[in-house]
Amino acid sequence: MAVPTLAPAAPPPTPVAARKGRLRHHAWFTPYLLVAPFLVLLCMFVLWPAVYGFFISLHDWDYALDYKPFVGGQNYANLFDPDSLVFENFWNGMKNTLIFVVASVPFLVLVPLLVALLLNRKFVGRTFFRAMIFAPYVLGIAVIGVLFRYLLDTQFGVINAFLGIFGIPAVPWTQSQPWAWIALVAMTLWWTMGFNTIIYLAGLQSLPAEQYEAAELDGAGKWASFRYITLPGLRMVLIFIVTTTILASANMFGQAYLVTGGGPGDSTRTAIMVMTEEGLRRFQMGSASAMSYFLAVLLAIIAVINFWIMRERDS
Amino acid sequence: MITTTPRATLTRRGLLGAGAGLAAGLGLAACSPGSAGKPGQAAPATGDGGAAGYDGPAVTLAFWHGLTGGDGPIMKKLCDKFTQEHPNVKITTTAIPWADYYQKLPAAVSNGKGPDVGIMHVDNLATNAARNVVQPLDDVAKALGLTEDDFSPVVWQAGVYKDVRYGIPLDMHPAGLYWNKTVFEKAGVDPETPPTDLDSFMDVLDKAKSKNIQGFWVSPAGASWLLSQSIVFQNGGFLADPAGDRAGFGDEPAVKAITWLKSLIDQGYSPKNVAGDGDSTAFQNDKAAMMFNGPWMTTPLGENSKLKWGAAELPVLGANKGAWANSHQFVLARQIKPDENKATASRVFVNWISQQSLSWADAGMVPARKSVREQPEFQKKGYVLEFAKALDYATLTPPVPGVGDINTEWNTAVNNALLGKGDPATLLKEAAGKADKILAANKKKYA
């Protein structure tokens with residue numbers, strides 16, 4: 001969000017002739033004009049919808065109906081009322097989201113780190129492998145979803161056909177737990193690990209080579225230089241990756257929607273799926289907005305805790 | 001199939017340019033129509049409902065539907081023919097997969113960006129009527145001279161919500177039985193005689209089983225749709241009662257249907273853990289002897305030259321004949337700024353295409369009009385004739401706003417029951433309790 005300025009602010013007035021050949025001084029509103037495009041987009045697509053969404057969450061809201069009564073905090077209260085219509089589905093969705101976050105984040109944080117360490121070495125075909133690791137990430141979830149439905153099919157899928165060669169009986173990947181979670185975590189890992197890997201790689205390449213040389217002279221081994229140089233050097237990168245990965249996993253929708261359909265039963269129906277159902281299928285937008293605000297606040301708290309845990313400690 | 005959608009004209013560059021210029025004004029305009037855009041009053045009914053034709057200035061009608069499969073090209077042919085006969089009316093078609101269609105259409109209509117004409121399944125019609133997405137069409141029905149005698153009562157009544165007609169029935173598509181002649185032969189069953197009742201159905205499955213063929217694949221994820229519902233209807237049950245007051249999930253007919261389907265899996269007539277569309281995949285790979293499916297499958301199956309198959313009425317596995325069905329109906333979307341020429345031209349289009357529904361039978365769909373079905377050409381339409389037999393007894397979803405909301409509970413319960421996650425009766429009764437609450441909430445909302 002850096003605002004580029006063309007010249008120092010408010011210089012003393014100079015004669016017209018003296019200005020020749022120099023950069024033109026900007027008017028007082030120039031910086032504002034420069035941020036304006038960003039600001040407009042931010043207001044239109046982030047700030048205004050956020051405020052408007054909160055407004056909606058205080059109403060019994062269906063945009064197509066004229067009658068949108070104000071209900072105050074009722075939509076929020078319903079989330080905590082076991083007798084309400086949304087209680088069971090919402091908390092089941094939250095539970096499933098939590099399961100997915102806990103199951104996927106460690107892999108999504110650690111595996112890309114290992115891959116990045118490998119890809120940071122010099123070897124033949126390095127660029128090719130870097131591109132291949134990143135490649136799945138550019139595919140849309142619709143493509144990934146269709147692809148994995150074919151791969152994971154119990155009777156006709158490629159994966160089970162492969163396992164069959166070794167005499168392993170058909171695994172019900174999308175029809176039974178824990179297989180459904182294993183399949184969803186694995187496909188998410190394959191799909192998105194390229195992104196985290198690239199971020200790690202960028203971080204690794206910014207670490208000064210002198211530190212490693214100095215460590216080597218002091219007799220530090222591979223593990224010690226990883227523990228005392230690489231990891232501390234990647235601290236900011238790690239904070240970024242853990243935070244964004246938790247957010248991404250908590251917002252998981254497409255994989256479960258397309259591959260398991262929320263099943264078996266409703267065991268992979270995530271919080272976002274519940275909100276979609278509530279807001280876009282049943283058109284209970286007030287209630288869906290309340291759910292979404294609750295989840296957003298929760299995620300914000302988790303992000304803060306994450307920053308706090310990983311803060312720089314004075315030793 | 002997909003031509004330009006209204007939104008496609010909003011490029012990023014255009015947005016940036018506009019954004020820089022009209023900051024606050026545009027921000028409000030772009031974000032608030034959701035609230036401000038109450039769908040306008042009904043377009044002025046043009047008196048003749050489109051019977052007299054359209055001779056006004058050239059207009060372009062936006063036509064939206066979800067026909068993204070083999071049925072799309074057939075609808076396109078019909079539209080082209082219409083434009084040939086009516087050079088001053090151009091049709092721009094936008095095909096959006098049905099699941100997205102029912103989300104996008106209401107949003108577009110409330111922003112004044114909706115189409116002129118649309119197609120809608122009857123099970124969504126009442127919801128969209130109650131939500132002011134579609135216009136009353138009584139004038140069109142009158143102009144077309146449409147009367148109940150020309151339709152099966154069930155498809156005729158399904159277009160009506162609160163005594164006002166919102167849909168002009170185009171077709172009805174009931175579930176039917178598909179049988180695989182190759183597998184029948186392998187099992188030692190006459191490949192030209194499909195089963196008609198429970199005994200002959202089980203006879204096929206037993207013979208197949210003795211040849212190590214799992215003849216009827218029941219997918220825990222897919223069975224909650226037309227398969228289980230057809231059997232519930234045959235048992236005399238319902239998912240939602242006609243008034244939309246209570247769900248019949250926990251009643252005996254439904255519990256019996258699901259328990260029976262479960263027994264097919266338990267006794268090895270079906271593999272366990274079949275994926276959502278596994279029944280149709282197995283059928284097309286000569287692994288299953290039979291499947292329940294809709295008439296839209298006739299097109300893809302017909303294109304598979306290696307496959308030897310037939311289609312017939314559903315066998316009676318319960319107490320009565322019965323079948324799940326749905327129906328495509330023409331609707332006119334509400335307009336915030338009604339345009340009289342377009343309103344007339346839309347009615348002419350719906351009127352014309354309703355009379356052409358014979359060609360629509362090529363998509364496997366059964367024309368809704370009796371007079372069309374009685375034309376001699378219809379007798380040459382092949383398998384559609386088999387599906388047409390179900391029109392007298394097939395069951396459509398009752399015209400209750402939001403009735404589809406209870407399907408999530410039904411799907412989950414059926415899925416869990418067929419996976420053996422609990423006693424079917426208990427699971428279904430639990431789901432019925434939740435569904436009753438949903439129905440009550442909807443009743444209040446759409447009152």
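This is a predicted model: local features need pLDDT of at least 70, side-chain atom pairs count only at pLDDT 80 or more; totals for chains, interfaces and linings use all residues.
**View 1. Asp171(B) stands opposite Pro367(B), a residue of β13(B).** Strand β7(B), which covers residues 171–174, pairs with β13(B) in the antiparallel sense, and two bridges link them.

**View 2. Three strands of chain B make up an open sheet.** At the edges lie β11 (325–326) and β13 (366–367) of chain B, each of which pairs on one side only. Strands of a sheet pair through backbone hydrogen bonds, either parallel or antiparallel.

**View 3. Chain B meets chain A.** Here 51 residues of chain B are in contact with 36 residues of chain A. The size of an interface is often given as the accessible area lost when the parts come together. Chain B and chain A bury about 3600 Å² between them, and 56% of this is on carbon and sulfur atoms.

**View 4. A salt bridge joins Asp62(A) and Arg131(B).** The closest N and O atoms of this pair are 2.5 Å apart. Across the interface of the two chains, four salt bridges are found. Also between chain B and chain A are 15 residue pairs in polar contact, with both residues at pLDDT 80 or more.

**View 5. Several helices of chain B supply residues to the side that touches chain A.** Among the elements giving two or more residues are α1 (12–21), α2 (23–31), α5 (98–110) and α20 (424–445) of chain B. The most comes from α20(B), with six residues. By type, this side of chain B has 22 nonpolar, 18 polar and eleven charged residues.

Notes: Residues are numbered from 1 along each chain as its sequence is written. Chains are lettered from A and ligands numbered from 1 in the order in which they are written. Side-chain values use heavy atoms; hydrogens and water are left out. Contact means heavy atoms within 4.5 Å. Buried area is the accessible area (1.4 Å probe) that two parts lose on being put together, summed over both. A salt bridge is a side-chain nitrogen of Lys or Arg within 4 Å of a carboxyl oxygen of Asp or Glu. A polar contact is a pair of N or O atoms within 3.5 Å; within protein, one must be able to donate a hydrogen and the other to accept it, and residues adjacent in sequence count only if both atoms are side-chain atoms. Helices (H or I, at least four residues) and strands (E, at least two) are DSSP runs, numbered from the N terminus. Ala, Val, Leu, Ile, Met, Phe, Trp, Tyr, Cys and Pro count as nonpolar, Asp, Glu, Lys and Arg as charged, and the others, Gly among them, as polar. Two strands pair if DSSP finds at least two bridges between them.
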